Amino acid sequence: QTLYCQSTMALPVDQLRQVLSQSLSPDVTTRQNAERALLASQTSPGHALTVLRLISSNDAADGPVRQSAAVHFKNMVKKGWAPDPDDADAKKFLVPTSDRDMIKNNLVELMCTVPPQIQAQCSESISLIASH
């Protein structure tokens, strides 16, 4: 089952887990649909926080999904924390202001509790946030 995100609402954590899993699919159509769903929901209030909740999951079976979530989060921060004001498309990726304080207050602590491969993504996200 492929999930499509038509709205601007954050995906519930179980749906997000499924979409991230689909983003790792060897099937091109499944992967592209998942990537579109992630793009469509990434500026929704609460989406970044749901991604962080998934990253913090201690379920060993979720390892690849947690890694995918960490990469997705880092890319959201890279594109949407302080977008280039001259880039008209940049506003499409803006991390909602309502999520920013919660992210800042929890990201360092999260980084200390995740496996090394996920720590690297969190560390880069922290550096990007700190530089703005």
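Analyst: Ser68 lies in helix 4. The model is a predicted one. Ser68 has a relative accessibility of 12%, under the 20% cut-off, and therefore counts as buried. Leaving out residues up to four places away in sequence, Ser68 touches Leu20, Ser23 and Leu24.

One of these partners, Leu20, belongs to the contact between helix 1 and helix 4. Two packed helices are described by the angle between their axes and the distance between the axes. For helix 1 (residues 13–22) and helix 4 (residues 63–80), the angle is about 90° and the axes are 9 Å apart. Helix 1 and helix 4 are therefore roughly perpendicular to each other. On the helix 1 side the contact is made by Arg17, Leu20 and Ser21, and on the helix 4 side by Val65, Ser68, Ala69 and His72. By type, the residues of this contact are three nonpolar, three polar and one charged.

Helix 1 also packs against helix 3, at an angle of about 75° and with the axes 10 Å apart. The angle falls between 65 and 115 degrees, so helix 1 and helix 3 are roughly perpendicular to each other. Here Val13, Leu16, Arg17 and Leu20 of helix 1 meet His47, Thr50, Val51 and Leu54 of helix 3. The residues of the contact of helix 1 with helix 3 divide into five nonpolar, two polar and one charged.

Leu54 is found in helix 3, and because its relative accessibility is 0%, Leu54 counts as buried. Apart from neighbours within four places in sequence, Leu54 is in contact with Val13, Leu16, Arg17, Leu20, Asp62, Val65, Arg66 and Ala69. Among them, Leu20 and Arg17 of helix 1 and Val65 and Ala69 of helix 4 also take part in the contact of helix 1 with helix 4. Leu54 and Val13 are 41 residues apart along the chain, while their C-alpha atoms are separated by 6.8 Å.

Helix 3 (residues 47–55) as a whole is mostly covered, with eight of its nine residues buried. Those buried residues are His47, Ala48, Leu49, Thr50, Val51, Leu52, Leu54 and Ile55. They pack against helix 1, helix 2 (28–41), helix 4, helix 5 (97–111) and helix 6 (116–130).

Ala48, Leu49 and Leu52 are among the buried residues of helix 3.

A last point concerns the cysteines. The structure holds zero disulfides. Cys112 is in no disulfide, and the nearest cysteine sulfur, that of Cys122, is 9.5 Å away. A disulfide needs the sulfur atoms within 2.5 Å, so the sulfur of Cys122, at 9.5 Å from that of Cys112, is too far for a bond. Cys112 counts as exposed because its relative accessibility is 59%, whereas Cys122, at 2%, counts as buried.

Key
Residues are numbered from 1 along each chain as its sequence is written. This is a predicted model: local features need pLDDT of at least 70, side-chain atom pairs count only at pLDDT 80 or more; totals for chains, interfaces and linings use all residues. Side-chain values use heavy atoms; hydrogens and water are left out. Axes are lines fitted to C-alpha atoms, for helices over the stretch in contact, and angles run from 0 to 180 degrees between N-to-C directions. Helices (H or I, at least four residues) and strands (E, at least two) are DSSP runs, numbered from the N terminus. Angles under 35 degrees count as roughly parallel, over 145 as roughly antiparallel, 65 to 115 as roughly perpendicular and the rest as oblique. Contact means heavy atoms within 4.5 Å. Ala, Val, Leu, Ile, Met, Phe, Trp, Tyr, Cys and Pro count as nonpolar, Asp, Glu, Lys and Arg as charged, and the others, Gly among them, as polar. Buried means under 20% relative accessible area, exposed over 50%, partly exposed in between (1.4 Å probe, protein chains only).
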